[in-house]
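Open the model in your viewer and keep the selection panel at hand. The stops below say what to select and what is there.

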Amino acid sequence: VECIEGFWLPQGVRHQHPVPEIGYRTLSFAQGQPCEPDDEGAVTIRWPVLEQGAWEQLLVALRSNRERVPQGQVFWDRFQAALKPVAARFADPADPLHCAARATLPAYTGYSEAMVEVTLGALDMWALEQFPAAFQLLPTLEAATDWQVMENLPGRLRFYHDRPSPISWDRLWRRGSAPLFDPPSLPELVVGYGAGNVPGTALLIAFLALTTTLAGGPAPVTVVKNSRREPIFTPLVLTALESVDPDLVAATAVLIWDYEDSKIQEQLLGQADLAIAAAGDATIDQIGRVLNRAGAGRFHAHGHKVSFSAIEHRVLEHGLCIPEEGTPLLDVVTLLAALDSVFWDQHGCLSSRIHFVEAGGKGHHSALEYAARLAEQLRALAAWLPRGAWPRRFLHDRFDRYTSLEQTGQVQVLSGYDDEFVVVVDGRPLDAARFQAAVNDCEGRVIIVRPVEELMEIPDQYLRLLPVANLQSLSVALGREGEGLTDAFLNFAEACGARGVTAIRTVGRGAFPQLAYSWDGLIPLDLIRSRRKGRFATIEFDTPYDDMLATYRLMIQRAA
Amino acid sequence: MSLARRTATLLEAIAATHAWHYERNRAYRQTVAARGVDATIDLVDASTGRLTGGLAQILPRLLRTTAQTFKSYIELLGTPFPHDRPLAFMAWLSDQISIDLPEDRLALFRARYRSLEALLQDVEQVYAEYGFEILTSSGTSGRSTIMVRDQASTDSTIESFYQAFDRYLGMQQVQRAIFVMPRQSRIAMARMASFSVKRLGLDDDRIHFAIPFPADPDRVRIRSGRTFRPGWAGIVERRFWYPAINWMQESYVTPRAVRTTIDLLEQAETAGEKVLLFGGWVQLHAIAQKLQQAGRILHLAPGSLLGSGGGLKELYPFTPAQICQDLAGVIKLASGVGLDGTDGPVPIRDFYGMAEGNWAAMQCQHGNYHVPPWIYAWTLDDHDHLQEAPDAVGLLAFFDPYGGGALFPAFFKTTDQVRLIRGDEVGNRRLACPCGEKGAYIAQDSIQRVDLLDEAGCAAQL
C-alpha cells in the first residue's frame, strides 16, 4: 500500500534528522471514515514517531534555520511571490500537485471532489495583501467603547472586555487614546494544533505564525500538530512553497503527535512563546492545562464555534435586480447565503447554521419565499458542489423531525426527503434549550430560516441564548448600492459583538474569511502583543451591498 | 412454511398494515407521505408472488425512528411534562394511534395534573373500554418514550414474549419467578416480561417482585437527574428529591432488593424448586457481589435460569460478560449437572427488545439473539438503505406487521447498531446459528447504542 506523507519537514532538516530510522505510523481513510489500508478507495498516510530526544534535535535544526527565513516586508513580498505560482498550480487540473490533492483529499476527508477542486482553485480568495496593514494597526482603549476605523483596511474594529465595567474608567481618566496592546514581543517558537474538520487548518496556523515577522523581527520556529483527520493538504502546500522559495518555510515543521503524550506536550509547550490551537473544547482544555503547568506562553484557543446569517429586509424588496445583468437580487442573496452554509457541509465553524430573515411586509419577499429560493439554490449547488460522503440518515432524521412539527403551523419544510439538504422555516417560540437544539441540528447542510421582525431581534432574542464563547461569525446581506456603514448597522453590529460575535462579513465570504481581521476575537496583533483580557469583533467591509455584489460576481466568474 | 413463503407473507402483511394505518394514523401518514409514499404499496407481485423491484426503495421509507416517534410530544407540546398540558397531550396521542377517541371525553380531563403518572392513569380510566396500557421507556434521559397499547396488542405482546421466553428459557418448568424490579412500573420491558410469566399460570405467591417501591415515570425521571420541572418545583427536585431518591436507592432499595432476592433464592434452593430470576445486569451483578462477599454459593434445581434484559443503560464499570462470570461463580445448578460432572453454573440468557417493539429477541446458548419469525428484520446503512448482505452491521430496522394491532404500524428504525445475520433467508447455511434455530439473529456482543447526533470538528454541538 502506497503511503502519502501526513507530515512535513524542510528538506534540509529531513536530511539531517534521522526520520527514516525512527519508524512510522500509518492511518487509512476512505469516504471520510477510518478503514483498512486494503479497502476500496483507501488513502493511507504516514507520519514519523519522534521520541523526546528526536524532538529536541528537530527543534535545534529548525532554530538553526531561522536565520535563513527572510524578515519583515521582504518575507512578505517573497511569500506572496511564491504563493502565486503555488496557487496557479493548485488551480491547474493538469498539474501533478492538483492531481495529487484531488486523488487523495476527497477519499480521505469524505468531502466531495468538486468541493475540494473549487477550494484548490480559490486559494487567492484570501486577501493576503491586507496583512501588513493589520500589523500596523494601533487600536486604542476607545475601541472598548466604540467602533474604530482600521487604517488602510476596510471595516471597523471593536473591543469587548471579558468583564465589562458599567463605568468606562478609561474614558473617565481620559485614557481613551492610550494603546490597547502592550509593546510587541515576537514569538520565537510557535506551537500550533490544527483541527481536521475542514482542510488546511494546520496550514492556516503555520501561515499566521510566519506572518509575525511583519512586526519586524525574525520569523519564529513553527511546529504544528497536523490532524489525523485531514493531514494531507498542509504538507502539499508547504512542499509546493518550498519548491519555489525554500527559505520561507525553512523553520517550519508539521507533524503528528498525541495530545495525551504529556512528555512531548510539556517539552514543546514549555518552550513555546505562543500556542495556537484550533480544536475541540476538551482538547483545548487539555492544552491549556499543560501550558499553565509547563510554560508561560500566550495561548490562542479556537474551540467550538457557530455562525449565522442575517438578511435585511431591504435586500428582499420586490423587483430589485443587479443593474447590468438583470439578475434578481433575491437570487444573489440566496445563492451567497447558501454558499455560506454549503461550503464544508457545515462542518466548519464559519458555516452559517441559522439564517435570520427580517420581515419587510408588503413589497418584500417573506422569509418563506426566501427559504423557497434558498432551497432551489441548494438544489443547484448540490450538482456543482455535491455534499460529502456523510451519512444521509442525519438529514433524514432532521427532515422527519421538522415535517412532524409542521402540524404546529409554525414550521414549514421546503426540501424533499431525497434532497441532499434540509431547509426549514421555523417560527416557533424558542427558549435557550430549544434554540441550542436548533443550532445543533444544522450540520451537514441543514439550514433553519428564522423570521425576525427586525434585525435587532437577532442579538436581543437569539444570540443571548448562546454562550458568548461559542459565537463566531455573522454573514450579512444588507444595505443599498454605494451605502456605507450606517449608524443603524453599527448599532446592530455592536449588539451582536456584545453577545459574542467576533466577525461580521458579507454573505458568500463565510468559507473565505480574511485573515487580517478577527478570528474568534483575536486579531493578527494578538500574535505578537499582549493586552487586556477580552475579544475583538471586526466588520470586514465598508460598503456591504457593493461588497456582496462583488462577491457574487467573483463566484459567478469562478463557477464559469 | 418455506422461507420464501414466509417472506412473501410478511411483505403482504406489511403492505396491508401500511395501507390500513395510512388511512387512520395521522402521525404515520404525515411522516411517510412526506417521504413520497402513497397509501398503496406493492411489495409483492400478485401474479408471480415475487418481490417487486421497488422493495428496496419503499421499505425503508416506512420506517419511523424509535427515538423520535413516541417522544415527539416533547417538541410538539413544547414541554417534556405532558401533565402540564393534558389536552394537547391527548391531541398528540390521538394523532399517534389509528383509532378515533371519543372527543366528548376530553372534558373529563383536568387542566393540569400533579404528575405524569396521574395523567396516564386518567387516560387509561377515561378510555377504559379500550384496555389501554400506557408504557414508557426506561427513561435514562429523563424524557420518556410514551406509547399506548390496547388490550389486543397487549395480548399479542404478552403472547410474543411468552413464546420467546418459553422457547429459550423453558419456562413451562418454572415453579417460582423472581423479578428484580418493582411490581408497579410502566417500563415496557419489565411490564411485558412479568405479564408473560403470569401467562404461565403461576400463582401470585410464586411471582415475586424484589424492589419494594413503585417506579412511576416521575420518579424515574427525577432519579435520572437529567430533566427537572421548571421553576421552584425543579429546584426542589434537583436539590432535594434527586439526591434523596438516589440516596434511598443506594442505601435502602438496592440492598433490600438484593436481600429479598437472595432470601427467595435460598428458599427455592431449599425446596428444590426450578426458579427463574430476572433483572437488569446491574441488579443481577449486585446480587452476585453480595453472594461473593458472604462467601455463599447457591445451588438451584436443574432447569433454573437467570434472565436479563434492557442492556446496560448507565455507565457501569463491568461488562455483561464480566457480570455473567461473577454470577456463574455464585449461582450454580445442583451437583452433577455441569459438563465436567461438577456443579455447573445456572444458564444465563439475555433478551433484546425495546418499548416500541412488541417482541423480544432471546439469546440462545450460543449467545446470539434470535428475532422471532413474524418480524421482518434488516439493517440499514448510513444512508438508510436496506443492506442486502446476509451478514451486515448497521442500524437495526424491523417490521412487525401484527404487533402494533389497531393502534400503530410497528415499523421502526432503531438507534441500535447490530450485526444482523440472515443466512437462512439467502440459503447460506454457513451463517446459520449453531443452536439450530432458523431465521435472522443478532450476533453476540454486537449491539451498540448509537447516538444519532453526530459530532465533528470544531463546529460540533453546543
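Select B:Arg259, which counts as partly exposed at 38% relative accessibility (buried means under 20% relative accessible area, exposed over 50%, partly exposed in between, with a 1.4 Å probe and protein chains only).

The model is predicted: local features need pLDDT of at least 70 and side-chain atom pairs count only at pLDDT 80 or more, while totals for chains, interfaces and linings use all residues. Residues are numbered from 1 along each chain as its sequence is written, chains are lettered from A and ligands numbered from 1 in the order in which they are written, and side-chain values use heavy atoms, with hydrogens and water left out.

**Stop two: a patch and a covered helix**

Stay in chain B and select B:Tyr252, in helix α11 (residues 231–271). Helices (H or I, at least four residues) and strands (E, at least two) are DSSP runs, numbered from the N terminus. B:Tyr252 is partly exposed, at 34% relative accessibility. Together with B:Phe213, B:Trp247 and B:Met248, B:Tyr252 forms a nonpolar surface patch of about 400 Å² accessible area. Patch residues have over 30% relative accessible area and no salt bridge; like charges are joined within 9 Å, and nonpolar side chains (Val, Leu, Ile, Met, Phe, Trp, Tyr) within 5 Å. The areas come from the Shrake-Rupley method with a 1.4 Å probe, and for residues only the protein chains shown count as cover.

Now select residues 188–198 of chain B, helix α9: is this helix mostly covered or mostly exposed? Helix α9 of chain B is mostly covered, with 10 of its 11 residues buried. Among the buried ones are B:Arg191 and B:Phe195.

Move to chain A and select strand β8 (residues 221–225); five of its five residues are buried, so the strand is largely enclosed by the rest of the structure. A:Val221, A:Val223 and A:Lys225 point one way, A:Thr222 and A:Val224 the other.

Show strand β7 (residues 189–193) of chain A, which pairs with β8(A) in the parallel sense over five bridges; two strands pair if DSSP finds at least two bridges between them. A:Gly192 stands opposite A:Val224. The chain passes from β7(A) through helix α9 (residues 201–211) of chain A to β8(A) in a right-handed β-α-β crossover. Right-handed means that, with the strands pointing away from the viewer, the path from the first strand over the helix to the second runs clockwise.

**Stop four: salt bridges in chain A**

Select A:Arg68 and A:Asp247, a salt bridge with its closest N and O atoms 3.1 Å apart. A:Arg68 lies in the loop between α3 (52–65) and α4 (72–91) and A:Asp247 in the loop between α10 and β9 of chain A, so the pair ties together parts 179 residues apart in sequence.

Last, select A:Arg228 and A:Asp258, whose salt bridge has its closest N and O atoms 2.4 Å apart.

Definitions and conventions: A salt bridge is a side-chain nitrogen of Lys or Arg within 4 Å of a carboxyl oxygen of Asp or Glu.
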